[in-house]
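Open your viewer and get ready to click along with this short tour. At each stop you will get something to select, followed by what is there.

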Amino acid sequence: PPPPPPPAPGAPPCPGWPARRPVWGTAAVLVAGTATDDPPVSVMSMRSFQHVGDLSYSIYLWHWPILLLGQPKLSGWLDGWLGTAALLVLTLALAELSYRFVETPFQHGRIPKVKTRFALTLWPVSVALVLVAASLASNYGNAQLEQSREQASDYYEKHPAALKQPPEDRIEKKIRSSLALADEGAPVPPNLANGDDLGDDVWQQQFSCFAGFDDSSARICPMGDTEADKTVVLLGDSHAGMWLYALDRVGKEEGFKVLPLLKLGCAPYDVEQTFREDPFPSCPEFRDWSRDQVKKIQPDAIVLGHRGLNYVVPEDGESDEQAWHRGVEKTVTELAALSPQVKVLSDIPPLPWNPKSCITDPESTMKSCTAPVEGIEIESNPITRQAVADTGTDAEFVPVLKLVCQSGRCPIVVGDTVTYRDTSHLSITWTKAVAQEFGALLDLDDL
């Protein structure tokens, strides 16, 4: 079945704090009890109200599929609150039927007993019913998605200029064009270059020479122009790795070898981190190993990437931000003494929903598949920039965020390409598409 629609930007998490209101209300009713004949108590003591309480479990079971599947079918005078009211009435009717003919008989033991041999046949029947229901739900979801894609095709046939972007256009302009489509209420394009293969469109799936969470070293597999004399080291965590294939393309075009030194979850800076709130001893061990490799390689340039402020553990008396600044400044200063060029990449924001879910939701639009530029990763960028500046070296902060987002928003579909692979990593397809401008931002031409 189709995944649930993504939440609107800025919407509270589900259930989140709004769930406290009905909980508090229920608690207040229980505390009040029935020790008084005040009008509210009299009203809630009416048999009709009590019967709604009896139906509550059946209502709970019926309301979501009725509202979810019924809402798209409503049209005309049933739009808006009238349609919702009609669906709620249908929910109550079905709840009454299931309460009377299913729930109550089971509660009072009125279900006739079956013989053991016949009872065994109920197992495959139950499995068959589940499989049939799952198949019907899947077919329904696929039909809804196909219908939405047909509608999207009709939209872009009527607006042929919407997706026409000359290849010489700058990436920033292409991103702004996608934001303009979002503002116009355009649907998600139906034929996305990497939409069907998004699960594999991430650097870890295509490249195996990196350190896992438990590893303190990794195989070194050259990329770029592997025969070149000039060498660039890519150092960092998965947010460095996601730029690997862009740097690979730049290296092949500009004639330098790329040596990745990457470890999942481990920023390259001297700041303590945990892994999902657990101790992460292999991270400092990997940093020591990678620093030794840099000394041996003596690269012509080092490109640093990271997920900003990720699971930082500050020292006593300092904040996460202060710890991050200290770690970046110390590490960049040391690396600048080992290589004539050090480039520190900015970070990108996380998505509030999974991109695969968004592009396959029949109700999605370009607007609902556009994310805000926010999160601790974005908060880390000015801290990282200042820390690099405070080193007093020639190291540079590289604002690669502009290759993903513009004007405070990030469309996850630009042209026919999905930019993100998951909630926090860019797709290989997108990083290859922006490789030329990525290389221009790095400015490694004089290696």
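Start by selecting Cys 358 and Cys 369, which are both buried. Keep in mind throughout that this is a predicted model.

How many disulfides does a search of the whole structure find? The search finds four. As a reminder for this part of the tour, a disulfide is a covalent bond between the sulfur atoms of two cysteines.

Next, select Cys 266 and Cys 283, joined by a disulfide with S to S 2.1 Å. This link is right-handed, with 80° about the S-S bond. Cys 266 is in the loop between strand S3 (257-262) and helix H11 (282-297), and Cys 283 is in helix H11 itself. They are 17 residues apart, and this pair also links distant parts of the chain. Are these two cysteines buried or exposed? Both Cys 266 and Cys 283 are buried.

Move on to Cys 405 and Cys 410, where the S to S distance of the disulfide is 1.9 Å. Here the torsion is about 95°, so the disulfide is right-handed. Cys 405 counts as buried because its relative accessibility is 6%, and Cys 410 is buried too, with a relative accessible area of 1%.

To keep track of the bonded cysteines, number them in sequence order along the protein chain: the pairing reads 1-2, 3-4, 5-6, 7-8.

**Along helix H11**

Stay with helix H11 and pick out Ser 290, which lies in it. At 4% relative accessibility, Ser 290 counts as buried. Which residues does Ser 290 touch, leaving aside those up to four places away in sequence? Display Leu 235 and Leu 261 to see the contacts.

**Helix H12 and its surroundings**

Now select residues 320-336, which form helix H12. The helix has 17 residues and reaches 24 Å from its first C-alpha to its last, close to the 24 Å expected at 1.5 Å a residue. Colour its buried residues: Ala 323, Trp 324, His 325, Gly 327, Val 328, Thr 331, Val 332 and Leu 335. An α-helix has 3.6 residues a turn, so residues three or four places apart point the same way. To see what the buried residues of H12 pack against, show strand S2 (231-236), H11, strand S4 (301-305), strand S5 (342-345) and helix H14 (376-390).

**Helix H10**

Select residues 244-254 for helix H10. Leu 244, Tyr 245, Ala 246, Leu 247, Asp 248, Val 250 and Gly 251 are buried there. Just after H10, stop at Gly 255, which takes a positive phi of about 80°.

**Last stop: the surface**

Finally, switch to a surface view and highlight Val 29, Val 43, Met 44, Met 46 and Phe 49, which make a nonpolar surface patch of about 430 Å². Zoom in on Val 43, which lies in helix H2 (residues 39-44). This residue is partly exposed, with a relative accessible area of 37%.

Notes
Residues numbered from 1 in each chain as written. Predicted model: local features only at pLDDT ≥ 70, side-chain atom pairs only at ≥ 80, totals over all residues. Heavy atoms only, no water. Disulfide = S-S within 2.5 Å. Helix = DSSP H or I, 4+ residues; strand = E, 2+ residues; numbered from the N terminus. Buried < 20%, exposed > 50% of the residue type's maximum accessible area, 1.4 Å probe, protein only. Expected span 1.5 Å × (residues − 1). Contact = heavy atoms within 4.5 Å. Patch = residues over 30% accessible without salt bridge, like charges linked within 9 Å, V, L, I, M, F, W, Y side chains within 5 Å. Areas by Shrake-Rupley, 256 points an atom, 1.4 Å probe, with all protein chains shown as cover. Salt bridge = Lys/Arg side-chain N within 4 Å of Asp/Glu carboxyl O.
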